[in-house]
Amino acid sequence: MTTGSGTRGSALRALCGLLDASVEQIAAASADARTYDRGLIARTADVWDNNTWPLFHVLSARTPWGREHRARAALRSMAGLGESRRAWMTETAAARGERLERLVPSMPGSLYARDFRGQVRPWYDELGAGVVAELAEDYDLGSATVRALRVERAGSRLTAAVVLEIARRFPMPDVAVPPATLSLRWHTIDGLAFDSREATGVRIPPGEGGVAETSAELGAAGLLSGRDVTLRLDDNHWHRSAAGRRADGVLPPNRPDESRRDLRTRRFPADAVVAARLLHRAVLEIRGVRHPRRAARVPVADFCRALDGAGTELLDAARTGAFAPLVDRWAGRGGPRLARWFAATTGAPAEWPAAVEPARAPWQPGRGELRFLSYARAEGTAEAGLELLYAAPAADGSWRLRSWCGPAPARFRLRYEAFRRVP
């Protein structure tokens, strides 16, 4: 039966099925170092940072009707982050024979929202011509400087992101404030050239439709070109801009969101608390791959093996009220590499132990495949330096991730060819 049938338990089954599917997606994305998709792993694990405790709130209801009612609310809350989250949920559920469209209806998107302070913020996504014009009204893109450049293979695609410091055109209070930053991300790139000595100014030539295929000229010699470009503007003072003042006049004030309250303070059965804490910390460990220095040492495959089928097991535990056996079962499947982690985590330690130490050998072209490169200029940025993540052949014939980091060079140049595949 599907969630569209309206039968009792369907929303709960779909919610637990999303957890099972998440573990499966992460396992597939981390199975081979040569096709490792760090972004997909981090995004999928991140879903359960804010939704693990709500899941256990659902499972702790005393009646099947109560669990179903809470599951419907949890699904709506999960989908409330935006259309991309909703699309992931509906597509993932559909692949498992479940239908969520009625439970998580599409909501009209907006270019703006209010943050926790009630201040308006831009909620840009696709890089359309209207967004570029609005940015140019309030920021001097011609004097933008490149703060960071990141290029990465996501599965078989080559992706890229550039972080720009941009000067404001609108008046500011007479206090020192950090510069605004504009992040552009290409879902797929087919052209790349960068020279740190000529990285001032950005120009986005207008294209047909302004979205599907976009290039950005970075300084006199730089270029990024590709498809499906998204952007994010980080500026705590955007509400002072012309666009911000217009948005402030039409956006309603924030309303309290009871669905996002901290559920860790609720009274759960003791064994359910242990299982919830363990699952939550496991997804946070997996999500740690979003930091390239940790990607080579987080044992993602071991965590996925430990949590394989966890959603289905939690569904059964909710019906029987027996959560304690799950912890031992997950620990047993985790194997020796996670034994110490499970022992420490179930005891709620102050710090979580690292399972594997990071590699420190620099990448040598011809001996592996470059998976990720991050360059950040040295002037006053915490992330300054050069980071590499690469797949290297091991003695047993398998491929493993290795990482390296060091100071930013005086001059940094990069071309598309650096990411060509190595047999």
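Helix α11 gets its cover from several other helices: α1 (10–29), α3 (52–59), α4 (64–79), α8 (270–287), α10 (300–307) and α12 (324–334) are among the elements lying over its buried residues. Keep in mind that this is a predicted model. The helix itself spans residues 310–320, and its buried residues are Ala310, Gly311, Glu313, Leu314, Leu315, Ala317 and Ala318. Just past the end of α11 comes Gly321, with a positive phi of about 80°.

On the α8 side, the contact uses Asp271, Val274, Ala275, Leu278 and Leu279, while α12 brings in Ala324, Val327 and Trp330. Sorted by class, that gives seven nonpolar residues, one charged residue and no polar ones.

Now for Arg86, which is part of helix α5 (residues 83–95). Is Arg86 buried or exposed? Arg86 counts as buried, because its relative accessibility is 12% and the cut-off for buried is under 20%. Leaving out residues up to four places away in sequence, Arg86 touches Ala79, Glu101, Val104, Pro105 and Ser106.

On to the cysteines: the structure has zero disulfides.

| Residue | Relative accessible area | Class |
|---|---|---|
| Cys304 | 5% | buried |
| Cys405 | 23% | partly exposed |

Terms used. Residues numbered from 1 in each chain as written. Predicted model: local features only at pLDDT ≥ 70, side-chain atom pairs only at ≥ 80, totals over all residues. Heavy atoms only, no water. Helix = DSSP H or I, 4+ residues; strand = E, 2+ residues; numbered from the N terminus. Buried < 20%, exposed > 50% of the residue type's maximum accessible area, 1.4 Å probe, protein only. Contact = heavy atoms within 4.5 Å. Nonpolar A, V, L, I, M, F, W, Y, C, P; charged D, E, K, R; others polar. Disulfide = S-S within 2.5 Å.
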